[in-house]
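Reader: I would like to learn how the terms used for a protein model are decided. Could we take them one at a time, setting each value against its definition?

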Amino acid sequence: MEQDKVTAFLERFVCDLGATGAAGSVVIGHRLGLYEALADGPATPEQFAERTGCHRRYLTEWLCGQAAGGYVDYDPGSGTFSLTEEQAYCLADPEGPNLAAAFRVVLGYLRAEERITEAFRTGEGVGWHEHDEDVFIGCDAFYRPGYVAELVRTWIPALDGVDAKLNAAGRVADLGCGLGSSSLLIAEAYPRTTVSGSDYHAESIELARKKAAEAGLSDRVSFEVATAQTFTGTGYDLVAMFDCLHDMGDPVGAARRVRQSLAPDGTWLLVEPAASDRIEDNLNPVGRLFYSGSTFLCVPNGLSQPGGYALGAQAGETAIREIVVEAGFTRFRKAAQTGFNAVYEIRR
């Protein structure tokens, strides 16, 4: 045993444990609007207490911990804490990546640790609907900025002829839509298009309907409680799935239903987590993030449903292609890719 390797491992442990504990502080900052308040300008803990209406002693500890983790800056000369432009964009800007929401997801699924531990022993599943609501709300808040950045600007234009169809007056089905952010973004971008969103989670659909009403889009966006195997409608120009096929117990059944629902020249837009077919290529920070989420959310959900599949969040392109081919599709290509997602265009 080499002591320098032990030391290096301990250093990694301290960073990981500190980050795990800091997740709660980030979520507190997210819930209380502390990042937005700090983006208004530098402040001492006393000034920050006046600005936020929160208790100074709690804020002092929170600010110091955030500074230790590099999430805020500290000026020892003035005793003030502040956000850089980059930190404010990532943590406080409503048009930014909303990274704090990702911690809300993680804290949400960690609340199921006892059930997941038992599931390891029994092999039983834990359904998406059985998790804390922070999982559903946090996922929507965290994924939405990525959809804002890519869906209409990059992903749909990368599909052959789809942008023109939706501009003309298309029909879209958004499967596993969650709180409906992707559905609403498509409807906003294509005023002549109608969108039908579906999700098996009734609470998410209720929130999606409220969002559609608030956005004034209820006349063109509808939502139903249904699985990807049972959603209604046919003749769709576009069927979309965002980061959900790998969660399903029966992805082949879902793919077959998609094929039935498409217009003859329709397109299936499938967005999945970016992953290599080779495990060793996924052993990196992004892979670690996805494998952790998959352990608590994706695999348990798949095992909770009929079908016998539990692809997980790092299934890789080959596994996805096999599902698609088994369902009867003949055309499959990667149309785009980001650091986190692979975007597939699938046709009959």
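Reader: How do you know that the sulfur of cysteine 139 is too far from the closest cysteine sulfur for a bond?

Author: This is a predicted model, in which local features need pLDDT of at least 70 and side-chain atom pairs count only at pLDDT 80 or more, while totals for chains, interfaces and linings use all residues. Residues are numbered from 1 along each chain as its sequence is written, and side-chain values use heavy atoms, with hydrogens and water left out. A disulfide is a pair of cysteine sulfur atoms within 2.5 Å, and the closest cysteine sulfur to that of cysteine 139, in cysteine 298, is 8.7 Å away, so this is too far for a bond. The structure holds 0 disulfides.

Reader: What makes cysteine 139 and cysteine 298 count as buried?

Author: Buried means under 20% relative accessible area, with exposed over 50% and partly exposed in between, using a 1.4 Å probe and protein chains only. Cysteine 139 has a relative accessible area of 12%, so it is buried, and cysteine 298, at 8%, is therefore buried as well.

Reader: Why is the aromatic pair of tyrosine 109 and phenylalanine 296 called stacked?

Author: Rings of Phe, Tyr and Trp (its six-membered ring) pair if their centres lie within 6.5 Å, and planes under 30 degrees apart count as stacked, over 60 as edge-to-face and the rest as tilted. By this rule the count comes to 15 aromatic pairs. For tyrosine 109 and phenylalanine 296 the centres are 5.0 Å apart and the planes 25° apart, and this pair is stacked.

Reader: What makes the pair of tryptophan 128 and phenylalanine 136 tilted?

Author: Tryptophan 128 and phenylalanine 136 are 5.8 Å apart, centre to centre, with 45° between the planes, and that angle belongs to the tilted class. Phenylalanine 136 has 9% relative accessibility and therefore counts as buried.

Reader: How do you know that arginine 171 lies over the face of tyrosine 236?

Author: A charge sits over a ring if NZ of Lys or CZ of Arg is within 6 Å of the ring centre and within 35 degrees of the ring normal. Arginine 171 lies over the face of tyrosine 236 at 4.6 Å from the ring centre, and arginine 257 lies over the face of phenylalanine 231 at 4.5 Å.
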